[in-house]
Amino acid sequence: MTELLAVAQWPESAGCSYLLGGLEAGPDDLEKAAQMIADEAMRIRCGSSPVLARWRERRDGEGGSADTGDLDRQAIAVFVAPTFGLPDDDGDKAKADHIQGFVAELLWNRLIQDRTSCHDGRTLVHTEEIKGDPTGTGGDGLVVYEIADGTLVFRLWEIKKHVSASPISATIKRATDQLAAHGARYLAMLTGPGTKQAGSLGQLYGDLVNLWLAGSSRAGIGVSVATSAEYAPNDHPFFANVAPVFPQFPAEGQREALMVAVSDFAAFAERVRKIVWTGL
């Protein structure tokens, strides 16, 4: 995904380091990215259920047997409908907002997993699975890294989509304020399940809230925005309003950001939905 969208690291500016991509992606690249995102969406929704294999077969034109075809479609529809709706209710535009939000999270997820090492020397250890339901409560993303001495550190991310001509800085500020107001609660929701992880990773989950509240050097934040090229800022830095909200995280890499600006993000999200529907 990083190559398809030509995502690159920009130097830290205004107290925030950030990744930027999507602006140079052509139609073929965006189609490949949409195919990857649709598959990832269904993998997250289905997990290891055999429904995922049935969906992939139908997406690829293999269909189902005369005995199981209709049953397969019914089962797949149960996983597709809550997030993407079904072709029969294509007129329901209320889902567009949720779909765009989910696609923004899926893009972030793939790009963060691509970045196995960071410019400040951190190496990727673990990413918390994003929610299969974009309307679910809790934080959007948690990523754990290891630094040079073996210590584990984390970044708590808030992910937004921006599909209007209103200032994108307001969307970035809303995400930042949301992290500031609710970050400790988001981490608390992850703590119980996370402490079941083995070794130092489980120990880190047990300490998430205290590290956050103490403004520890092991904690940090990230803000991600998916948008259309026409709404992306023309000047730098994009994320100047992040640092003032989190003065407790002053070190390089403690405040991160990602912007993905494709030609038409709403159309890209809709293409992902259409690909998902091909597996029904």
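User: What pattern does the protein follow, read along the sequence?

Analyst: The order is β-β-α-α-α-α-β-β-β-α-α-β-β-α. That comes to seven helices and seven strands. Helices (H or I, at least four residues) and strands (E, at least two) are DSSP runs, numbered from the N terminus. This is a predicted model, where local features need pLDDT of at least 70 and side-chain atom pairs count only at pLDDT 80 or more, while totals for chains, interfaces and linings use all residues. Residues are numbered from 1 along each chain as its sequence is written, and side-chain values use heavy atoms, with hydrogens and water left out.

User: Why does the radius of gyration of the protein agree with a compact globule?

Analyst: The rule is 2.2 Å times the number of residues to the power 0.38, with the radius taken over C-alpha atoms. For 280 residues a compact globule would come near 19 Å, and the protein has 19 Å, so the two agree. The C-alpha atoms fill a box of roughly 60 × 45 × 30 Å along the principal axes.

User: Why is Thr227 called buried?

Analyst: Buried means under 20% relative accessible area, exposed means over 50%, and partly exposed is in between (1.4 Å probe, protein chains only). Thr227 has 0% relative accessibility, so it counts as buried. Its place is in strand β6, residues 221-228. Across the protein, 47% of the 280 residues count as buried.

User: Which residues does Thr227 touch, not counting residues up to four places away in sequence?

Analyst: Contact means heavy atoms within 4.5 Å. On that basis Thr227 touches His162, Ile168, Met259, Val260, Ala261, Val262 and Phe265. For the protein, take contacts with a separation of 6 or more: residues 24 or more positions apart account for 70% of them.

User: What makes His182 partly exposed?

Analyst: His182 has 31% relative accessibility, so it counts as partly exposed. His182 is found in helix α5, residues 168-194. Gly138 is 44 residues from His182 in sequence, yet their C-alpha atoms are 8.6 Å apart in space.

User: Is Leu52 buried or exposed, and how do you know?

Analyst: Buried: Leu52 counts as such because its relative accessibility is 7%. Leu52 lies in helix α2, residues 50-59. Leaving aside neighbours within four places in sequence, Leu52 is in contact with Met42, Arg43, Cys46 and Gly47. Leu52 and Phe79 are 27 residues apart in sequence and 9.4 Å apart C-alpha to C-alpha.

User: What is the phi of Ala6?

Analyst: Ala6 has a positive phi of about 50 degrees although it is not a glycine. Most residues other than glycine have a negative phi. Ala6 is placed in the segment before β1 (8-13). At 44% relative accessibility, Ala6 counts as partly exposed.
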